[in-house]
Amino acid sequence: MATALITGASAGLGLEFAWQLATARHDLVLVARNTERLEVLAADLRSVAGVRVEVLPADLATQQGQDDVIARLTQDERPIGLLVNNAGYTLQETFLDSTREAQQAALAVMVQAVMVLSHTAAQHMTQRGRGAILNVSSVAAFLTGPYSAHKAWVRTFTEGLAVELHGTGVTATVLCPGLVHTEFHERAHLDYTAVPEYAWLNAADVVRAALLDVRRGVVISTPSLRYRAASGLLRALPRFIVRNLRGSDARQKPTPQ
């Protein structure tokens, strides 16, 4: 089976991607900042699934971290057949309350890293005539603010990449989930207690749907009928309405994954 490289693999959707791909007998390369969490996860995956698991600690907010992952993507031994660009986070502060450095780091992780890793992977995969790239965006791509802007870029970029890859044997899929039960919101200290349970998705279901869409060559993967409907509504609404959806208390409202 092909080797899959997953960024942001130590928690959230990345962790679920690691388990589902391992149980499907894919060897893995796990990328995240926390070496200890990666090593524990890798040991569990090897023990339970019996697959080869490499640990690649890297901070994608830095040039060195991106270069380290690029170097692995270019290796001919155990080539990467599936790239999952999953790393991402939202800042607790508003744009004006945060620092320029924090905003630049978020941009590097969720935009620059997605671009450079996709570029490297696509070049090497097309040379082999097979492979897949899965970039994680969000239904938040239709909202406003820096995080939404990052995810909107990922969505549009991946759609264009899919067109360019057509006929090469390599596919590009963008995953656009809504609210998902993971560590994502806790890490950002976002209050989501008022959100009804029916609004939330299960991480296992989201990842299962995404991997199925990758196998089918689907370009835009939006798990669940309710979030496909929500995406359509947000696209249709006048932008002045969308701009006011979150209001002045934006920091206290959960951001879709």
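What percentage of the 257 residues in the protein is made up of buried residues? In this predicted model, buried residues account for 49% of the 257 residues. The protein contains nine helices and seven strands. Of the contacts between residues at least 6 apart in sequence, 70% join residues that are at least 24 apart.

The seven strands form an open sheet with parallel pairing, in which the order is β3-β2-β1-β4-β5-β6-β7. The edges of this sheet are formed by β3 (53–57) and β7 (220–221), each of which pairs on one side only. Within the sheet, strand β1 (residues 3–7) runs parallel to strand β2 (residues 28–32), and the two are joined by four bridges. In this region T7 is placed opposite V31, a residue of β2.

Helices pack against several of these strands. Helix α2 (residues 35–49) lies across β2 and β3, and its direction makes an angle of about 175 degrees with that of β3. Helix α7 (residues 203–216) also packs on the sheet, where it touches β4 (80–85), β5 (131–136), β6 (170–175) and β7. The direction of α7 makes about 150 degrees with that of β6.

A further packing arrangement involves two helices. Two packed helices are described by the angle between their axes and by the distance between the axes. For helix α3 (residues 63–73) and helix α4 (residues 100–128), the axes come within 10 Å and cross at roughly 20 degrees. Since angles under 35 degrees count as roughly parallel, α3 and α4 are therefore roughly parallel to each other. The crossing of α3 and α4 is right-handed. On the α3 side the contact is made by Q63, Q66, V69, I70 and L73, while α4 contributes A108, Q112, A113, V116, L117, T120, A121 and H124.

The structure holds one aromatic pair. The ring centres of W153 and F157 are 4.7 Å apart and the ring planes lie at 10 degrees, so the pair is stacked, given that planes under 30 degrees apart count as stacked. Both residues belong to helix α5 (residues 146–165), where W153 and F157 are four residues apart and are therefore separated by about one helical turn. W153 is partly exposed, with a relative accessible area of 29%, and F157 is likewise partly exposed, with a relative accessible area of 22%. The value for F157 is to be read against the cut-off for burial, which is under 20% relative accessible area.

Backbone geometry was also examined in the loops. Most residues other than glycine have a negative phi. R25, although it is not a glycine, has a positive phi of about 75 degrees, and R25 is found in the loop between α1 (12–23) and β2. The relative accessible area of R25 is 45%, so R25 is classed as partly exposed. A positive phi, near 50 degrees, also occurs at R78, a residue other than glycine. R78 lies in the loop that links α3 and β4, and R78 is partly exposed, with a relative accessible area of 28%.

Note on methods:
Residues numbered from 1 in each chain as written. Predicted model: local features only at pLDDT ≥ 70, side-chain atom pairs only at ≥ 80, totals over all residues. Heavy atoms only, no water. Phe/Tyr/Trp six-rings, centres within 6.5 Å; stacked < 30°, edge-to-face > 60°. Buried < 20%, exposed > 50% of the residue type's maximum accessible area, 1.4 Å probe, protein only. Pairing = 2+ DSSP bridges. Contact = heavy atoms within 4.5 Å. Axes fitted to C-alpha atoms, helices over the stretch in contact; angles between N-to-C directions. Parallel < 35°, antiparallel > 145°, perpendicular 65-115°, else oblique. Left-handed = near helix turned anticlockwise from the far one by under 90°.
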